[in-house]
Amino acid sequence: MIRLRPDDDYMIAVHHPTSPAQIGALQLYDRGGASPDQFVADIRSHLAKRLPHTPLLRVRRSAPAHIDCDAWFELSSVDIHTVCEVRCEDQELSIDELHHHVGIWAMEQLDPERVPFHFVVVPRIAGGQSAVYLQTLHALADGVGFQWIVNTLTDGAGDHLGEHPQTPTPQMSSPRTRDERIPSPPEWLCRSTVALLGDAWRSRLHSAELAQARKALADFKADPAHKRARTPKLGLSGANSPQRSFTTLSVGLDRFKSIGAALGGTVNDVFLLVGSGAVRSFLLEVGDLPTDPIVVNAARSYRRPEHGEIGNRIVSIHPHLATHLEDPLARLKAIQASMASEVERSKLQEAVMDQNATFFSARKVRQRAAERVSAGGTLTPGNLTLSNVPGPDAERLFAGYPMLANYPTPIVGAGRFLNITMRRYCQRLDLGIMTDAQKVQDARVVRSHVTDALSQLEQLVSV
């Protein structure tokens, strides 16, 4: 029995049919000379061997009376055909057709009462490829933890295939021979009471440090130099629909590095600048560009070795994209300044937000989250999400099949219309672009603006 931390429990609270709190990836594989049926059989066989070495084999249960955060309980096994479905097996899909299906599958809300993951295998993709689509509950892992799960399920090109490539972390036990017993309500209430009293004691022990951290954060917010841009109201704001449009884009890492070297920025700076140009031109095209800068909802990981690889260890950051400025160089400087301020603020927030649970805190969080989502509002600042998450810099293989791409399938948060998430894979950057399809009907329109913005920056630095 592993209690969810308050941050993880929050991800259950915001798990909603119009914005499922799920992290996903669309992976393309080179099938080589194997038949589609052989690919499916190999993937399922490989998964059956690897799943016991991951945190995926578990189930979440709610504490009695919601007195405490929920808890994870380990499972000994799972029906591999249930958790790893085969879809579209009788047809060969184009990439655009695959994207269309992923936009639909992304809105299939995982049941928080069942295993926190789901695989879909698409055997036939044009060009002799196959695809694997993976989703996990955000409550189980953040972006860093999700990629760790992917790395655990796959092999590096130099690994001995079939052997587990990593040692399980302290948060995981060895594969179980039987399901973990779920305590009776009275036993669970006793355990929760002891745990919550322990949390209260630790909070009291560190109360002086917390008070100091809160003062430091308040002083930072009061400093005019760190005034945060307000999230403007857009025509594309408002309640989410249950429909999504999805597409992908792969860009050479060297292209971003070259622009960054020429302009004095990092790869992440270039990503934000490209996103800024794309969003600005798109909103101009649809007549919805505000005079105030567009604000991003993103996250900074503060995961340290002692935290392990699963659960959520992130702080929200909300830099603006300087979309009110036409000149790309002026936008870059403004974005860098805004990001630097947000990173500094997030370090102060980290000490304040990493709190222990209190009696009935999970119930209160869920009530507030449900009210905000139902009203169509955002839970945190930001018009959209731009996220740069880590990924492997060397080739990965799944059941011996080379991975060709590792595209994120990002979340469109409550009240937003767009999420562009970038993940490195080898010497390439794989982007997943997800839109609320009732607000932006075709994500390929946004992709076109992204490629145009990147080309314009390359032209700028080549002059």
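The questions and answers below concern a predicted model.

User: Which residues of helix H8 are buried, and why do they line one face of the helix?
Analyst: Helix H8 covers residues 253-263, and buried here stands for a relative accessible area under 20%. Seen down the axis of H8, the buried residues fall within an arc of 135°, so they line one face of the helix. The residues in question are Leu253, Phe256, Ile259 and Gly260.

User: What do the buried residues of H8 pack against?
Analyst: Their partners include two helices, H9 (267-286) and H12 (443-462). The strands they pack against are E9 (244-252), E15 (418-425) and E16 (428-436).

User: Is Phe359 buried or partly exposed, and what is its relative accessible area?
Analyst: Phe359 lies in the loop between helix H10 (328-353) and helix H11 (361-374), and together with Leu197 and Phe360 it makes a nonpolar surface patch of about 260 Å². Since buried would require a value under 20% and exposed one over 50%, Phe359 counts as partly exposed, with a relative accessible area of 33%.

User: What separation do the C-alpha atoms of Ala218 and Gln349 have?
Analyst: Ala218 is found in helix H7 (residues 207-222) and is partly exposed, with a relative accessible area of 42%. Although Ala218 and Gln349 are 131 residues apart along the chain, their C-alpha atoms are separated by 9.9 Å.

Conventions:
Residues numbered from 1 in each chain as written. Predicted model: local features only at pLDDT ≥ 70, side-chain atom pairs only at ≥ 80, totals over all residues. Heavy atoms only, no water. Buried < 20%, exposed > 50% of the residue type's maximum accessible area, 1.4 Å probe, protein only. Helix = DSSP H or I, 4+ residues; strand = E, 2+ residues; numbered from the N terminus. Arc of directions from axis to C-beta. Contact = heavy atoms within 4.5 Å. Patch = residues over 30% accessible without salt bridge, like charges linked within 9 Å, V, L, I, M, F, W, Y side chains within 5 Å. Areas by Shrake-Rupley, 256 points an atom, 1.4 Å probe, with all protein chains shown as cover. Salt bridge = Lys/Arg side-chain N within 4 Å of Asp/Glu carboxyl O.
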